[in-house]
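Dear colleague,

I am passing on the structure below, and my notes on its aromatic residues and nonpolar cores follow it.

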Amino acid sequence: MCSSDLEVTRTVSPPAFDAALTRPRNFDAKKKYPVILQVYAGPTSKTVNANRRGYFNDQWVADQGYIVVRIDGRGTPWQGRDWERVIKGNFIDTALNDQILGLRALAAKYPELDLARVGVTGWSFGGYFTAMATIRRPDVFRAGVSGAPVVTWENYDTHYTERYLGVPQAAPDAYRVSNVTTYASQLSRPLLLIHGLTDDNVYFQHTLQLADALFRAGKPYELLPMLGTHMVSDPRIRMRQQVRIMDFLKRELRP
């Protein structure tokens, strides 16, 4: 699916990934644009599809002078059992490497992507990925907005977590390498954390644990606590939240 502003494609990298690029409606092919990676990157959910309605927010972001990119790497569904099982025992390493590989493959094909100015944002598992990406790969990501992130997998849904990481007592290394606080002392890029105080899916405890680890490590961060649960349903509040996210990314991705 391709139009003047939205393109759904496949990367040419081995392995190939489903990807989508949303360009500004006043796109100028002679310019380079900062990139915002809109990410989930986890099991059970794809972000790239041929339903244009799913890209409305991406278009709103892109029209402010960005190219919004989505990539479905290994571990996401509907690509076969081996594709999904690659994250077993480690939620982050393959997912992170695949997103970066996909970004670089897209930039090789589309020179308008400015990989010197890449921001990353996501919610839930995407928030987890965002926190990890911002902390662990500052050479790629200049800033991150992490929404409702799972931080310590011992404190998330038992069935979901143990399906991929095993039982904590039997697989402590899997939980350690997948834990955001393991790497908190490495943060060197701006990070905005957003979380609902009454989130009944990913408890607010997770963001508090990351905030505490960053504070103890002497690392600055920004925190936006919100009333409400895991997802924002009120259109007015959702708009306020999106404006706050864009204010942060505009500041951090400027030339």
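Phenylalanine 125 counts as buried at 3% relative accessibility, where buried means under 20% relative accessible area, exposed over 50% and partly exposed in between, with a 1.4 Å probe and protein chains only. This is a predicted model, in which local features need pLDDT of at least 70 and side-chain atom pairs count only at pLDDT 80 or more, while totals for chains, interfaces and linings use all residues. Residues are numbered from 1 along each chain as its sequence is written, and side-chain values use heavy atoms, with hydrogens and water left out.

The rings of phenylalanine 125 and tryptophan 153 have centres 5.9 Å apart and planes at 45°, so the pair is tilted (rings of Phe, Tyr and Trp, the last by its six-membered ring, pair if their centres lie within 6.5 Å; planes under 30 degrees apart count as stacked, over 60 as edge-to-face and the rest as tilted). Tryptophan 153 is likewise buried, at 1% relative accessibility. Tyr40, Phe91, Phe125, Tyr128, Trp153, Tyr156, Tyr160 and Tyr164 form one aromatic cluster, and the structure holds 14 aromatic pairs.

The largest nonpolar core has 56 residues, and Val69, Phe129, Phe141 and Trp153 have the most contacts inside it; such a core is a set of buried Ala, Val, Leu, Ile, Met, Phe, Trp, Tyr and Cys residues joined through side-chain atoms within 4.5 Å. Apart from that core lies another, of 17 residues, including Ile36, Ala148, Ile194 and Met246.

With best regards
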